[in-house]
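Please read it alongside the sequence and coordinates.

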Amino acid sequence: MKILAVDDEQIQLKLLERSIREASPESGVYAADNPADALIWAEENRPDVAFCDIQMPVMNGISLGKELKKRNPQINLVFVTGYYEEYAAEAAPLRYSGYLQKPATAEGVKNELFNLRYPLPKPETQKLLTVQCFGNFEVFANGKPLPFQRSKTKELFAYLVDRRGAQVNGGEICAALYEDERNEKNNKGDLRKCVADLRQTLAAVHADAVFRKGFDRYAVDVSLLQCDYYDWMNSEAYAVRAFQGEYMRQYSWGEVTLANILKA
């Protein structure tokens, strides 16, 4: 995400820039202390969001917003001011995204980024697999659902995704995936079949490296996955919007993680 910050007061500009970087550390931020420089940069870089101080000499924030809209009609304008009520009527025709009360805070910036008028698309990824945890658990390779042959194989992969790269032993997996704890031998035998099936399934889409196995230790390489749950933990805007109160709803063991998400 590209973010433009504009304020003619250096102290306020530095505070705004710092708050944006803290709220969205993965974004590129350009800070300008005058509208002319802001427009030059916007012409070349096409920002997704612009935080504009309203009270500026020569060209105020609303006039700057009009010029930015000419260049990109779907730019998200966030006006930064201590006197919003005075400018609300004048700003309304711009269909701005929101406003930020001075002094800017990371919490305030984060709230505006989570509630953009024009939400940003899910970022393109070069990861081997895309994983959806919110709602039903699903896995995609090259935009198509990964065809698991066994439901327990899919659940095994879901459990490892839930563990976020931590190594898990076979006993823990069996306890989570199989309700009948009395058939320990049968459960371990089925787990071995699931492991073999998972390897075959991933190999078919050239994603073998995602699955890691040691001596009775299993994990996923999280660096090779784009996952809404992982991105939610990193405060990615698309992932925050994607969470609607459900997490891997087909698996009862996912309720523990859901409870932690709801408490966050």
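Which helix gives the most residues to the lining of the second largest pocket? Helix 11 does, with 4 residues. The model discussed here is predicted. The points below take up that pocket, then the cavity, and then the sheet.

**Second largest pocket**

- The space in the second largest pocket amounts to about 180 Å³.
- At least two lining residues come from each of helix 6 (151-162), helix 9 (228-233) and helix 11 (255-263).
- The lining comprises Tyr-159, Asp-162, Arg-163, Arg-164, Ala-166, Tyr-229, Trp-232, Trp-253, Val-256, Thr-257, Asn-260 and Ile-261.
- Sorted by class, these lining residues are 7 nonpolar, 2 polar and 3 charged.

**Cavity**

- The structure contains 1 cavity of 30 Å³ or more.
- The largest cavity holds about 40 Å³ of space.
- Its lining is made up of Met-1, Ala-23, Ser-24, Glu-26, Leu-113, Phe-114, Ser-235 and Ala-237.
- By class, the lining of the largest cavity has 5 nonpolar, 2 polar and 1 charged residues.

**Sheet architecture**

- Strands of a sheet pair through backbone hydrogen bonds, in either a parallel or an antiparallel manner.
- In this model, 5 strands build an open sheet with parallel pairing, and their order is 2-1-3-4-5.
- Strand 2 (28-32) and strand 5 (98-101) form the edges, each pairing on one side only.
- From one strand to the next, the twist averages 20°.
- Helix 2 (residues 35-45) packs on the sheet, where it touches strand 1 (2-6) and strand 2. The direction of helix 2 makes about 170° with that of strand 1.

- Strand 1 and strand 2 run parallel and are joined by 5 bridges. In this pairing, Val-6 stands opposite Ala-32 of strand 2.
- The chain passes from strand 1 through helix 1 (residues 10-23) to strand 2, a β-α-β crossover that is right-handed.
- Strand 3 (residues 49-53) is likewise joined to strand 4 (residues 76-81) by 5 bridges, and these two strands run parallel. Cys-52 has Phe-79 in strand 4 as its bridge partner.

Key. Residues are numbered from 1 along each chain as its sequence is written. This is a predicted model: local features need pLDDT of at least 70, side-chain atom pairs count only at pLDDT 80 or more; totals for chains, interfaces and linings use all residues. Side-chain values use heavy atoms; hydrogens and water are left out. Two strands pair if DSSP finds at least two bridges between them. Axes are lines fitted to C-alpha atoms, for helices over the stretch in contact, and angles run from 0 to 180 degrees between N-to-C directions. Contact means heavy atoms within 4.5 Å. On a 1 Å grid over the protein atoms alone, a cavity is a set of points where a 1.4 Å probe fits but cannot get out, and a pocket is an open set with protein on both sides within 12 Å along at least five of seven lines; lining residues have an atom within 4 Å of a point. Grid points are joined across faces, edges and corners, and a volume is the space filled by probe spheres set on the points. Ala, Val, Leu, Ile, Met, Phe, Trp, Tyr, Cys and Pro count as nonpolar, Asp, Glu, Lys and Arg as charged, and the others, Gly among them, as polar. A crossover is right-handed if, with the strands pointing away from the viewer, the path from the first strand over the helix to the second runs clockwise.
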